[in-house]
Amino acid sequence: MIFIRADGGREIGSGHIMRCLSIAGALQRQGQEVLFILADDSAAGLLAERGQKYRILDSDCRRMEKELSVLRPLLEAYTPKLFLADSYFVTEEYLKQVGKYTKTAYIDDLGMFPCPADVVINYNIYGEALPYREKALPQNRAFLLGCSYAPLREEFENAVYAVREKAAHVLITTGGGDKYNLAEQILGSVLSEETCRRLQYHVVSGSFNSHLPSLQAVAAKHPNVKVYENIRNMAALMAQCDIAVTAGGSTMYELCAVGVPIICFSFVDNQERLVETFAQKGIVCYGGNYLREKEELPKKAAGYVRLLAESKTLREEYSRLERGLVDGRGAERIAKELLKH
C-alpha cells in the first residue's frame, strides 16, 4: 500500500488533491493500492466521488507535526511501502519522523528547505532552476524536476487540438476556490467590451467555490455564458476553447498539454513564481497579480482576450510553445520513479 497525505478546502483549494489523484491513478494502473490521509473531511467528498479510499486524522493541517501521534498507529498497522506528502505545511521534522517507518516522497513547489525525503518532486517550470542537487541530503535518492513530471490526469495524454481560424470560445477557471470572486469580475470586464462580448464563455467553478450561485445568476442573464461544476472531462472542454483565462496552478500545465493559448494571473503568493516564469519565457499572456492590481486585473485580462481573439498567428505561436513543454505523461513518469526507488 502507498499513503498519500494531502489536503483541500475553501482556503487551500483543490490543487494538492487533484494532482495527487493523478499520481494515485497512475500508481493504481500499475497495480498499487493507495490510501489518502487527510487532516479533516474538507476534501473527503472529492475523493469519494472518484472512488478513492481515505482516512481522516482529525488534525490541524497547518500544524502537521502535531498529527504524528495519530499518524504513527496507521503507519504501524498498514506498513506502507511509500508515503507521499503534498502540503505547504510539511516540515523537515515531519518527514524525518515518517521516514522512520517507510520511504518518503514530497511534492515541493517552493524550495523553502532541504527536504529529507527519498524522492523530491518539483514539476514546475522553474523546478530545474532551484538548487535541489546542490543542497542534497543523504536521504535524497532522486529528484524529479521540471515539466515532464507535471502530474496530469490520463485524459491529457495525447490530446488533440487545432487552432481555429476564428476564435469563438473562451475558458475561465480560477481553481478549486475563488475567494475574491475573480471569475465573475473577469466576466464583468469581458462582457462590457465590444469585441469580447461576442464570444462564448465557459466558466469552471471549482469544488470549493462559494460564489457558484452568483456565477449562475450571471449565466442566466447572458446566453453566451455557461457555468460548469464538478466537471469530469476537463481536457474535452479545453479542446473546445480557443483562449483560456486561468489562475496559476496545475490547470496551466493541463492547458499546455492540450495547447490552448493562456492568459494567466495569480491571487495567492505561491502562484506568482509560476505565472511570472511562464510569462518571462514568452509562453503566456500575463494578466497580473490580483493582490497588487485589484480591479485592474480583470480589465487587463479582457484586453488580452481581445488581442488573442483577433490574432490567429499569436494563438498558433502560444499553442506551439505550450505543447512543447508538457506532454501529459508526468503522472506516469512519477509513478514509475516512485516504485523504482
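## Close-up views of a predicted model

**Figure 1. Contact between helices H5 and H11.** Gln185, Ile186, Ser189 and Val190 in H5 meet Pro298, Lys299, Ala302 and Val305 in H11. Of the residues in this contact, five are nonpolar, two are polar and one is charged. The model shown here and in the other views is predicted.

**Figure 2. Geometry of the H5 and H11 crossing.** Two packed helices are described by the angle between their axes and the distance between the axes. Helix H5 covers residues 182-191 and helix H11 covers residues 296-309. Their axes come within 8 Å and cross at roughly 50 degrees. H5 and H11 are therefore oblique to each other. The crossing of these two helices, H5 and H11, is right-handed.

**Figure 3. The aromatic pair of Phe3 and Tyr78.** The structure holds 10 aromatic pairs. A pair of aromatic rings is described by the distance of the centres and the angle of the planes. For Phe3 and Tyr78, the ring centres are 5.7 Å apart and the planes stand at 65 degrees, so the pair is edge-to-face. Phe3 belongs to strand E1 (residues 2-6) and Tyr78 to helix H3 (residues 68-78), so the pair ties together parts that are 75 residues apart in sequence. Phe3 has a relative accessibility of 0% and counts as buried. Tyr78 is partly exposed, because its relative accessible area is 32%, and the range for this class lies between 20% and 50%.

**Figure 4. The aromatic pair of Tyr123 and Tyr253.** The rings of Tyr123 and Tyr253 form an edge-to-face pair, with 5.3 Å from centre to centre and 75 degrees between the planes. Tyr123 is in the loop between strand E6 (119-122) and strand E7 (142-145), while Tyr253 is in helix H8 (residues 250-258). The pair links distant parts of the chain, 130 residues apart. Tyr123 counts as buried at 2% relative accessibility, and Tyr253 is buried with a relative accessible area of 1%.

**Figure 5. An aromatic cluster that includes Phe3 and Tyr78.** Phe3, Tyr78, Phe83 and Tyr94 form one aromatic cluster.

Figure 6. Glu337 lies in helix H13, which runs over residues 330-340. Is Glu337 buried or exposed? Glu337 is buried, because its relative accessible area is 17%, and buried means under 20%. Leaving aside neighbours within four places in sequence, Glu337 is in contact with Leu144 and Tyr149.

Methods. Residues numbered from 1 in each chain as written. Predicted model: local features only at pLDDT ≥ 70, side-chain atom pairs only at ≥ 80, totals over all residues. Heavy atoms only, no water. Axes fitted to C-alpha atoms, helices over the stretch in contact; angles between N-to-C directions. Helix = DSSP H or I, 4+ residues; strand = E, 2+ residues; numbered from the N terminus. Parallel < 35°, antiparallel > 145°, perpendicular 65-115°, else oblique. Left-handed = near helix turned anticlockwise from the far one by under 90°. Contact = heavy atoms within 4.5 Å. Nonpolar A, V, L, I, M, F, W, Y, C, P; charged D, E, K, R; others polar. Phe/Tyr/Trp six-rings, centres within 6.5 Å; stacked < 30°, edge-to-face > 60°. Buried < 20%, exposed > 50% of the residue type's maximum accessible area, 1.4 Å probe, protein only.
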